[in-house]
Amino acid sequence: MPATTPMLEVNNLYVHYGGICALHQVSLHVDPSEIIAVIGANGAGKSTLMKTIAAVKDFTSGSIQFMGMPLKKDPYKVVMDGITLVPEGRRIFAPLSVRENLLLGAYTRSDRQEVAQTMEEVLELFPRLRERLHQRGGTLSGGEQQMLAVGRALMSRPKLLMLDEPSLGLAPIIIDTMFEAITRLNQQMGLTILLVEQNASLALELCHRAYVLKTGHITMEGNGRELLEDERVRSSYLGITGG
Ligand SMILES: Nc1ncnc2c1ncn2[C@@H]1O[C@H](COP(=O)(O)OP(=O)(O)OP(=O)(O)O)[C@@H](O)[C@H]1O
Ligand SMILES: [Mg+2]
């Protein structure tokens, strides 16, 4: 018997796009308060995995359990239950202000006072967003848009925050800010996080445990340190050979 029930448990998951199988027999679990990374190259199936757990994409077979219950097949209900995805490419609403974008993230919540409280927490986490509260989303820099995308996801008060390539296209200093914020959410608020990254070294340094996804298959798993030192990971995902 494991000491804790996993928050999220994915078992033997198969996902198809028409006749193409994008995920083959994928199994993984996320325990409460963990940061779990899934690393893999372009087209490995990382976004497909995120979308399937967010119920935006159907699965063919296998199972997904969240908090001991089968995942609902409705993206809105999945957010209500506590899973929120920050999608690849951020998907900010460009014509809307930062504040309006944040409020959209609270679309499943009705208590205005509590929503205002969460917005205050988000603005404390990302002070740059406070300075730009009335600026249009589309005029933010790439890094600010990523902060807004994460902030918007936090507005739903998730139990499990999923991040699809939070570092993509960002300058190193902004990546640091983003990963510090992710660490703080985990350490100070106990938020459980599942992230996928092509930037394997960053993800492996940050996470507690990780899975390697290769053409739709999980090929390795272990703690972040172990994988950082593994020869196969170093040569395939970190661009380091020998030594
Ligand atoms: N809507 C779709 N229709 C058909 N095939 C798709 C669709 N979306 C993804 N695929 C295919 O599924 C596979 C996995 O794609 P996915 O986007 O999940 O990969 P990824 O690991 O997120 O890649 P990247 O690092 O480029 O974001 C790819 O072969 C891709 O071509
Ligand atoms: Mg992707």
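1. In which sort of crossing does α6 pass α7? Let's start there, keeping in mind that this is a predicted model. When you follow the two helices in the viewer, you will find that the crossing of α6 past α7 is right-handed.

2. Now for the geometry of this pair. Helix α6 covers residues 142-154, helix α7 covers residues 172-189, and the two pack at an angle of about 15° with their axes 10 Å apart. Because of that angle, α6 counts as roughly parallel to α7; the cut-off for this description is an angle under 35 degrees.

3. Which residues make the contact? On the α6 side they are G143, Q146, M147, V150 and L154, and on the α7 side they are I174, T177, M178 and L185. Sorted by class, the contact of α6 with α7 has six nonpolar residues, three polar ones and no charged ones.

4. Let's turn to the open spaces, beginning with the largest pocket. Its volume is about 510 Å³. A total of 22 residues line the largest pocket, and those nearest its centre are T84, L85, P87, Y107 and R152.

5. Which elements build that lining? Two or more residues each come from α1 (46-53), α2 (75-81), β6 (83-86) and α6. The top contributor to the largest pocket is β6, which gives four residues. By class, the lining of the largest pocket holds 13 nonpolar, four polar and five charged residues.

6. The second largest pocket is worth a visit too, with about 190 Å³ of space in it. You can pick out its lining in the viewer: T118, E121, V122, L125, L154, R157, P158, L185, M189 and L191. Of these residues, seven are nonpolar, one is polar and two are charged.

7. Which element gives the most to the lining of the second largest pocket? That is α4, with four residues. Both α4 (112-125) and α7 supply at least two residues here.

Technical notes
Residues are numbered from 1 along each chain as its sequence is written. Chains are lettered from A and ligands numbered from 1 in the order in which they are written. This is a predicted model: local features need pLDDT of at least 70, side-chain atom pairs count only at pLDDT 80 or more; totals for chains, interfaces and linings use all residues. Side-chain values use heavy atoms; hydrogens and water are left out. Axes are lines fitted to C-alpha atoms, for helices over the stretch in contact, and angles run from 0 to 180 degrees between N-to-C directions. Angles under 35 degrees count as roughly parallel, over 145 as roughly antiparallel, 65 to 115 as roughly perpendicular and the rest as oblique. A crossing is left-handed if the near helix is turned anticlockwise from the far one by less than a right angle, and right-handed if clockwise. Contact means heavy atoms within 4.5 Å. Ala, Val, Leu, Ile, Met, Phe, Trp, Tyr, Cys and Pro count as nonpolar, Asp, Glu, Lys and Arg as charged, and the others, Gly among them, as polar. On a 1 Å grid over the protein atoms alone, a cavity is a set of points where a 1.4 Å probe fits but cannot get out, and a pocket is an open set with protein on both sides within 12 Å along at least five of seven lines; lining residues have an atom within 4 Å of a point. Grid points are joined across faces, edges and corners, and a volume is the space filled by probe spheres set on the points.
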